[in-house]
Amino acid sequence: MTAQLSGTLTLGDLTVNRLGYGAMRLTGPGVWGPPADRDEAVRVLRRAVELGVNFIDTADSYGPYIAEEIICEALHPYDGVVIATKAGLLRTGPDVWIPLGNPSYLRQECEMSLRRLGVETIDLFQLHRVDRNFPLADQVGELAKLKDEGKIRHIGLSEVTVDQLTEAQQITQIVSVQNLYNLAARTAEPLVDAATEQGIAFIPWFPLAAGPLAAPDGPLQKIAAEHNATPSQLALAWLLKRSPVMLPIPGTSSVAHLEENVAAAEITLSDDEFETLAAAGAQLSAN
């Protein structure tokens, strides 16, 4: 099973392979409504598990609700697969994402996710965005209450700063952080370092954006050719080498693309290759 070649990490008391799957693409355009091919979406999830992927990341806002429903249809009762979901964004239309951290809303969405996923406890429940209209302590505090009630096993945060992580840790244990991060988007570097130091999982969303790095004469394409790999596979291999707590979750709506992504676990970059790509990505990020 290919995903196992990525190594493992722990989320509290749960151990997962370090190449997961993100379920955002299991929906319609603008992450709104049902997918064009629901049967293929189910096949993607089942094939991911066959390939050794045992961490599936979703959110109540994907669809909204649709990704969770498809995950339940495809994988319930999950059998060793860790399902992570999120709440804290209100959807009012395609490509519209409005932070909403009202503690009552977070509780409601947790209760509904429990039902949609068909579980009594959510393995990892993440605050999707910090809502500036409510104290962070109230938002994380509500998740801590849900954890005390046995409805959440572990708590994570999405799109936070190191200071916000530290503040949340005064309230409850945080096992993961999830920020935008890839070869060419590196503003979350301080958070990656903090997570690495503390042994907290770092889940980079949008992990495959490489842009100009993947140009025919770019460093990504050149090194990829040497590995008989695609630029996307190399971008994932770079993330896996960046930190032992890195947990990329590339998403796709096609089985063929899924298999290509998971095969990235078979690639091991040399230190020189890693540094070459890191330098090229950092230069692009700075521009």
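This is a predicted model: local features need pLDDT of at least 70, side-chain atom pairs count only at pLDDT 80 or more; totals for chains, interfaces and linings use all residues.
Leu213 has a relative accessibility of 6%, so this residue counts as buried (under 20% relative accessible area, with exposed over 50% and partly exposed in between, using a 1.4 Å probe and protein chains only). You will find Leu213 in the loop between S11 and helix H7 (219-226); helices (H or I, at least four residues) and strands (E, at least two) are DSSP runs, numbered from the N terminus. Setting aside neighbours within four places in sequence, the residues in contact with Leu213 include Leu183, Ala184, Ala280 and Leu284, where contact means heavy atoms within 4.5 Å.

Residues are numbered from 1 along each chain as its sequence is written, and side-chain values use heavy atoms, leaving out hydrogens and water.

Now to the aromatic rings. Searching the whole structure turns up four aromatic pairs. Rings of Phe, Tyr and Trp (its six-membered ring) pair if their centres lie within 6.5 Å; planes under 30 degrees apart count as stacked, over 60 as edge-to-face and the rest as tilted. Tyr181 and Phe202 make an edge-to-face pair, 5.6 Å centre to centre with 80° between the planes. This pair joins distant parts of the chain, 21 residues apart: Tyr181 sits in the loop between strand S10 (176-178) and helix H6 (189-198), and Phe202 in strand S11 (residues 201-202). Tyr181 and Phe202 are both buried.

Trp238 and Phe274, by contrast, are stacked, at 5.1 Å centre to centre and 10° between the planes. Here helix H8 (residues 231-242) supplies Trp238 and helix H10 (residues 271-286) supplies Phe274, 36 residues apart. Both of these residues, Trp238 and Phe274, are buried. Together, Tyr181, Phe202, Trp238 and Phe274 form one aromatic cluster.

Finally, look at two helices. The axes of helix H1 (residues 38-50) and helix H9 (residues 255-262) come within 9 Å and cross at roughly 25°; axes are lines fitted to C-alpha atoms, for helices over the stretch in contact, and angles run from 0 to 180 degrees between N-to-C directions. Among the residues making the contact are Arg43 and Val44 of H1 and Leu258 of H9.
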